[in-house]
Amino acid sequence: MQAFKLYFKIFKRSAFFMVLLYLLIFGLIVALFALNFKSSSDMGFEAQRSRIAVVDNDNSKFSKAFASYINENSQPVELGTGEQAIKDALFFNDADYIIIIPKGFGEDFLKDGNARPQSYSLPNSMRAVYAQRMAESYLKLFDLYIKSGNFSFEQAKENVEADLALKTKTSIVSINKSDTGSLKRTVDYVAYAITCMVILSVSLTMLAIEKGDAKKRNLASPISASKIGLQVFLGNAVVSLICCGMIILLVIAIFREDFFNIYGAWYSLNILIYTLVCLGMSFLIGNLVPKNAVNAVCNVIALGGSFLGGAFVPQSLLSETVKNIAVIDPIFWFVKANNEILSISTFNLKTLSPALYCMLVQLLFAALFFSAAMLAIKYKRTKS
Amino acid sequence: METVVKIENLVKRYDELVALDHLNLNIASGEIFGLLGPNGSGKTTAISCMLSLLEFNKGKIEIFGKEMTPTAYDIKRQIGVVFQNVAVFDELTVYENIDYFCGLYVYDKKERKKLVDEAIDFVGLGDFIKFRPKKLSGGLLRRLNIACGIAHKPKLIIFDEPTVAVDPQSRNNILEGIKRLNSEGATIIYTSHYMEEVEQICSRIAILDKGRVIAQGTKEELKDMISKGEKISVQVYGISEEQLAKMLKIPGVAGADFADGTISISMNGKSGGIAQIIEFLNENNIGYGRIASELPTLNDVFLELTGKTFRD
Amino acid sequence: MFFDIFKCRFKSLLREKSGFFWTLAFPLILSTLFFLAFSNLNKIDEFEKIKIAVADVQKAGDGFNAALRNSGLFEVSQTDLEQAKKLLSEGNIKGYIECKDANDFELFVQKSDFEESIIKMFLDSYRSSYSSAEKIIASNPASAKDVINSLSEEKTYINEMPSGNGNSTVIYFYSLIAMVCILSSTYGCSEVIKIQADQSTCAARINISPSHKLKVFMASISAAFIFEFFVTLIVTAYIKFVLRIDFGTSMGFILLLCAAGCFAGISLGAMIGAVVKKPEQFKIGVLVSVTIFFSFLSGLMYENMKYIIQKNAPALAFINPVSLVCDGFYSLYYYDTFDRYFLNVSILAAMGILFSAVTYFVLRRQKYASI
């Protein structure tokens, strides 16, 4: 077991720090991500709230009533400062809808109902449509009451708000799911982290072990080359499994009880299978790529694979061309497997088969990488 | 003879450590001047001060009769340095490296091309001009390092341990080169902790220890400074106490010991006592085998002056 | 002499392959990936008519039917309850409305997203209008006709102002270019190390030569600047002409911004190289990580980060050179005026001058306390 022990000594010195660094970065991203999306509960219907900024330049009693109605029924957004604040807020999707109430609006509107506030929004945005309808119905009803001439301002306000408080009964037709998608998105992200971690640890350690004279010395020892190779491979496998375990633990630490269900179990299996793909890939890289290029290759593969495969941007948003190219990207199949798992409501062989198919494809990728690595080793041996 | 380098009372401290302690040196034109000392004795520090790379605490340095400063460009133009560590750019080829460094001295392109070609011939890198330093073996790399330092035909060339970690063949090549440069008129300062090399090529030597010059002169002068002379060892089958005592009376013999079938005889002063020893052995019918004579080395000089051996 | 050194250094930079990967190949690859992945991202929020089913619409009456049609929000299938349920469970519609009375409905959906919320809001506001109308007519029965007319009248109450049609994914490309600019700091740092005798032996060789140190330095740093400037232009040209990302109008302004960014980057690196006395690897490592972190803050990994910083910690955006370059591109692309663009360029230039001044005062020193 000499070579196996050596493997871990070298791993500790050559790659361990990098692995921890990636784990830390991934942990931070996932934690932020989870905090953002976890809150949406599954307990019955809850209407969305648009992000609306109201700028009240009028400060009349009507404009105040209008503004406060909007603020109560939306997520109020404060605009930044500066002349470009409106443009910036729209560009960066900070506000869906911005309402500017001009000076004198309240008085004019109550007089003849013809004064208009101004709105800014991204063209043809669904969120803006939603916000606009909400704001308009307040003004419309108010106009109706005032025009009829039988209601004072206070009465009109009271009536409008009472009318708007009428809500339609809405029920969620249950689709029996414990995962709302945020766990799945997090698991998608795992692809990036685990690719980096496994490639760096396996490739860097292998390169350190196989370095020129040290390798010759190993070969000169009375242990057979294939035995040493096997021990090194075992080391690779153990390190990869550790990476996989650490990642899953991290996901569990963030999602806690939301992870412990049948979905979590299938996601874990998928992560494990993808780890095998990475192991094969890094085995190949460790045999093909010179040391100073490992970092570069690792970044290109991890980022490229994640972008193309839909680990960062959901697959549904990728263009058809990209999806057609991505079939040669293992991460595509990893994410697809996650999608399939998420869409299952009752688990049986029939519903699982699309997910299992994706996992099988990943295993084929793993086998392909291993065989390629073996070929590379053989080629290198006969060459030197 | 004209003085090329004059160092007076040079003091350099690194915090607590005194690296140069009132160092005085005079180097004359046309010399190969050896600066010999163990590691850490201040050789490289002295060189760096001479080149105005290092600040020093006290003292005065004159080169070619003028005070050396970082902006004394007319002096710098006359100096070439071959550093201990190979100092070349990895991205440039052999030719480009020499051309670059020569370009810092000689701005005229035509003249520079001639100088660079000569330098390449001089170090024998003609077959490698398109190579990048990474592709060169250790010895060739050293030669490139030398070429970069001397291409501009300086009048004073400083070699700072140019042979450290160099194979014997390349070492000889380097030493021959230094002699050739000297014969072409350059004054050489050569620092090393290899005594043999210094003995082999230097016309004058200063021995440095703890930042001070403990002895200075030609190698003969240095060896004359110490009491120890030639050492003769004779393999014998046996010798009596009286015979040994008698031996001490031979003129020039300072001491004689017998152990393990070998007599070790130390001679006084100059060499030349071996004939008398053989005569004595024959006269006394002492059968002898191998006779070996050993002259005092600079190590012996160092040992006697400092009480420690050189390689401590 | 200036030109010889310049040529030599430029040649060296061209031959340094690992530098090429991070400053040129990596940004090209990353921008291609951004391009492939983000091409549909902006459609995420686009409004399309929502598919719904209405069951038993006769119970609600013609008014409701008309309102549904006139709203312009929905693609309605009128079905019975069973059919509606089936459509929903198969995912063909977002929700179905069960009509119980003229102003009594129940909505069935699967999720609480925006589409579903819009259906609900439509129903809510229909009920509100109904209730308002009832109250007004009760107070003045004669006005019934007017009220019903004005209710069914499609009238907008808010004037929609034209606002820019910006695509926020451009920020990813802009901050990528900005990163390339500021990554030039690694080159600035290396050039300083090559001129400081206490940091490399090649530098010692330069220091003992009769050439003025700052002149040599000016030649080599100019080579680094021109080199980086070209690299930045290649990346920018690729993004602009091959990926066809919108940069606004003026080519001249883009060049000026790239130049200002490279200048700030190179001089930042030079300053770090001169001031920090640590091994080269360490300094380069620090510069790269700081640049990546700055890029993160300016939106390289998440475009809204730029806005979050700008809104909550504007000072941070003003001292972050990556963000300044990125914001410069953004201003050119999205704003109608050039004020903000020139502010960014000026701050970058000022930074560059400040860093260069610090570098100058350190480099001016010609002797070292230790080597």
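Let me begin where chains B and C meet: their contact takes 28 residues from chain B and 26 residues from chain C, where two residues are in contact if their C-beta atoms, placed from the backbone, lie within 7 Å. On the side of chain B that touches chain C, α2 (73–76), β6 (79–82) and α3 (94–103) of chain B each supply at least two residues, and α3(B) gives the most, with 4 residues. Helices here are DSSP runs of H or I with at least four residues, and strands are runs of E with at least two, both numbered from the N terminus. That side of chain B divides into 19 nonpolar, 4 polar and 5 charged residues, where Ala, Val, Leu, Ile, Met, Phe, Trp, Tyr, Cys and Pro count as nonpolar, Asp, Glu, Lys and Arg as charged, and the others, Gly among them, as polar.

Before going on, please keep in mind that this is a predicted model, in which local features need pLDDT of at least 70 and side-chain atom pairs count only at pLDDT 80 or more, while totals for chains, interfaces and linings use all residues. Residues are numbered from 1 along each chain as its sequence is written, and chains are lettered from A and ligands numbered from 1 in the order in which they are written.

The contact between A and C takes 65 residues from chain A and 64 residues from chain C. Several elements of chain A supply at least two residues each to this side, among them α4 (85–91), α7 (153–164) and α12 (294–309), but α6(A) gives the most, with 16 residues. By class, the side of chain A that touches chain C has 33 nonpolar, 20 polar and 12 charged residues.

The link between the chains consists of 2 bridges that join β4(A) to β5 (residues 159–160) of chain C in the parallel sense: A:S119 stands opposite C:E160, and the bridge partner of A:Q118 is C:N159.

Strand β6(B) pairs with β7 (residues 156–160) of chain B in the parallel sense over 4 bridges, and the bridge partner of B:V82 in β7(B) is B:F159.

Let me finish inside chain C. Is strand β3 (residues 95–101) of chain C largely enclosed or open? Because 5 of its 7 residues are buried, β3(C) is largely enclosed by the rest of the structure, buried meaning that 20 or more other C-beta atoms, placed from the backbone, lie within 10 Å of the residue's own. Strand β1 (residues 50–55) of chain C pairs with β3(C) in the parallel sense over 4 bridges, while β3(C) and β4 (residues 104–109) of chain C pair in the antiparallel sense over 6 bridges and form a hairpin with 2 residues between them.

Finally, helices α10 (residues 213–242) and α11 (residues 251–275) of chain C pack at an angle of about 135°, with their axes 9 Å apart. The two helices are therefore oblique to each other, the word used for angles that are not under 35 degrees (roughly parallel), over 145 (roughly antiparallel) or 65 to 115 (roughly perpendicular). By class, the contact of α10(C) with α11(C) has 12 nonpolar, 2 polar and 1 charged residues.

Terms used:
A residue is buried if 20 or more other C-beta atoms lie within 10 Å of its own, exposed if 12 or fewer, and partly exposed in between; C-beta atoms are placed from the backbone. Two strands pair if DSSP finds at least two bridges between them. Axes are lines fitted to C-alpha atoms, for helices over the stretch in contact, and angles run from 0 to 180 degrees between N-to-C directions.
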